[in-house]
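Please look at the sequence and the structure before reading on.

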Amino acid sequence: MSDSSPLPPVRLHPEPELARAALSTPLLSRAARLARWAGPDTRVDAGGELVEEQLPAAADLLGLSGDDAAAYASEAWRVAVDAGLVEIVDEEAGTVRAGEELTLLTGGSPADVLGVWLAALETVIADAGVPDLDDLVGALDEGGEIDFSSLDWDPEAEAEFLDGVLGNLYLLTVSEDGAGDGAVPLPALAASMIVPDDMGEPTNDVLEQVSDAMMRLDDQFRMLEPVGLVEYQPVDEALMADTDEEPAAPVDDTDVSRYGMVRLTPLGVYGLRARLLEAGFEAPAVGELADKGADALLDGTARFGQAAAQAETEQWLTRRESPAAARELLAAARGADAGAPLRRLRCQQALSLIGAEAEPALREVLDDPELGGLARVWLSERGAAGVPAPSEELVFWLTIDTVAAQLAAEGNSEELQALVEGLAAQHSGFFATAWRVEHPATADVLEAMGRLHPDKKVAKEARKAAFKARSQQGG
């Protein structure tokens with residue numbers, strides 16, 4: 001995942017709802033309870049951890065029992081310290097008191113609560129990349145320091161791997177053709193990090209790497225669930241009955257859920273987006289353009305999928321009077337630059353959401369060379385009276401503009417191929433006229449039609465027309 005191109009826009013849940021979800025997560029609620037419990041008699045060691053003698057009392061306070069009770073209590077305390085819910089007063093004496101951030105959980109704004117939760121999330125993600133305690137103890141050298149070389153563990157590589165997995169999970173969740181609210185199979189997520197895109201049948205070595213990654217991720221997602229980042233269905237214990245052998249990655253869809261299923265929560269989507277923004281990625285959210293001008297809306301939604309573009313546009317329109325909005329959109333749609341055709345397509349889609357109030361604005365641009373075709377289409381679709389017939393020149397210009405917009409929006413899609421085939425079939429001699437169209441994208445559109453049309457003869461005509469158009473532009 002590159003940080004040079006924007007990620008798909010995400011639709012975030014309202015901050016008050018997310019803040020309530022954050023407060024109810026097991027880990028943050030435990031951390032808050034420990035912070036309120038901490039007092040003059042609470043002692044920590046040099047690293048800020050609760051001293052061992054106090055862990056049973058902390059676990060009891062949290063209602064934890066069993067072999068892992070102390071470990072869960074220790075984790076909650078670490079989150080409390082890292083998130084500022086507890087403040088260490090005297091490192092030498094090991095004394096603590098409630099931190100300033102604790103008051104934010106009850107008296108702060110939703111954004112304040114989410115800020116505390118994000119700090120807790122960072123602690124858990126950092127912990128998730130650390131090997132099991134037994135492995136760490138086994139790697140202690142004679143001086144009591146951890147010998148990382150004996151662990152076969154690279155902290156930087158491990159953190160990078162987990163960040164990559166979480167980035168891919170975010171992408172799968174927010175993409176229009178991705179998982180959305182659905183769960184993602186753990187093998188698919190592991191494979192997304194390991195199997196090369198151009199690899200056909202994975203080799204045994206690659207499958208073994210995927211299996212190893214699945215087991216690491218199984219442990220990590222179990223840790224990430226209590227902080228509210230994900231909902232996780234772990235790998236079926238029966239698949240790990242043989243302790244000497246890790247479960248092989250599934251090779252088909254047969255009961256893939258047994259191999260682990262993970263879903264980002266709405267709070268998790270918020271958290272990962274915040275981390276991506278912090279890391280320098282462009283991660284837009286629907287609604288960010290609602291207070292900006294029509295030029296920002298049309299340019300911004302140019303890279304959005306259809307559903308996200310409509311959602312963004314609807315929010316933009318709700319803040320404006322319809323006639324003024326229509327005029328602003330039309331003014332922003334003008335231009336001869338490379339992005340103009342897609343702006344006009346987004347403008348047309350936005351105007352379709354306004355209704356009859358937009359009609360006067362559309363009639364005002366009937367004679368505009370760039371907007372006249374768009375206006376005629378809009379008015380005709382609504383059965384408006386007195387719509388002048390377009391000239392042949394305008395029809396061809398609008399055709400080139402429309403195909404250029406579809407190319408920019410979708411690339412060489414099946415829908416565009418069908419459009420290209422339909423144009424060539426409906427207009428005999430289409431290419432003999434099309435190359436003369438005075439549109440900046442004429443040559444590019446004709447070249448694309450040559451690539452996309454399945455009939456070799458027609459494709460050749462398109463390429464010849466593209467050559468003529470380039471010669472005309474050059475002349």
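Which residue in β5 does Val230 stand opposite? Val230 stands opposite Leu264 in β5.

## Basis of the model

The model is predicted, so local features need pLDDT of at least 70 and side-chain atom pairs count only at pLDDT 80 or more, while totals for chains, interfaces and linings use all residues. Residues are numbered from 1 along each chain as its sequence is written, and side-chain values use heavy atoms, with hydrogens and water left out.

## The three-stranded sheet

Helices (H or I, at least four residues) and strands (E, at least two) are DSSP runs, numbered from the N terminus. Two strands pair if DSSP finds at least two bridges between them. Three strands form an open sheet in the order β3-β5-β4, with antiparallel pairing. The edges are taken by β3 and β4, each with a single partner strand, so one side of each has no neighbour in the sheet.

Two bridges join β3 (residues 184-185) to β5 in the antiparallel sense. Here Val184 stands opposite Val262, and Pro185 stands opposite Met261. Between β4 and β5, which also run antiparallel, there are four bridges. Strands of a sheet pair through backbone hydrogen bonds, either parallel or antiparallel.

## Helix α10

Helix α10 covers residues 204-224, which is 21 residues. From its first C-alpha to its last it reaches 30 Å, close to the 30 Å expected at 1.5 Å a residue; the expected span is 1.5 Å times one less than the number of residues. The helix lies across β4 and β5 and runs at about 135° to β4. For this angle, axes are lines fitted to C-alpha atoms, for helices over the stretch in contact, and angles run from 0 to 180 degrees between N-to-C directions.

Buried means under 20% relative accessible area, exposed over 50%, and partly exposed in between (1.4 Å probe, protein chains only). The buried residues of α10 include Val206, Val210, Met214, Leu217, Phe221 and Leu224. An α-helix has 3.6 residues a turn, so residues three or four places apart point the same way. Among the elements that cover the buried residues of α10 are α6 (110-128), α8 (155-174), α9 (186-194), β4 (230-233) and β5 (261-264).

## Phe221 and the core

A nonpolar core is a set of buried Ala, Val, Leu, Ile, Met, Phe, Trp, Tyr and Cys residues joined through side-chain atoms within 4.5 Å. The largest one has 77 residues, and Phe221 and Val230 are among those with the most contacts inside it. Helix α6 gives the most to this core, with 10 residues.

Contact means heavy atoms within 4.5 Å. Leaving aside neighbours within four places in sequence, Phe221 is in contact with residues including Val165, Leu189, Val230, Tyr232 and Val262.

## Aromatic pairs

Rings of Phe, Tyr and Trp (its six-membered ring) pair if their centres lie within 6.5 Å; planes under 30 degrees apart count as stacked, over 60 as edge-to-face and the rest as tilted. The structure holds three such pairs. The rings of Phe221 and Tyr232 have centres 5.6 Å apart and planes at 40°, so this pair is tilted. Phe221 lies in helix α10 and Tyr232 in strand β4, so the pair ties together parts that are 11 residues apart in sequence. Both residues, Phe221 and Tyr232, are buried.

Phe396 and Phe430 form a stacked pair, 5.4 Å centre to centre with 25° between the planes. Phe396 is in helix α18 (residues 392-410) and Phe430 in helix α20 (residues 430-434), 34 residues apart.
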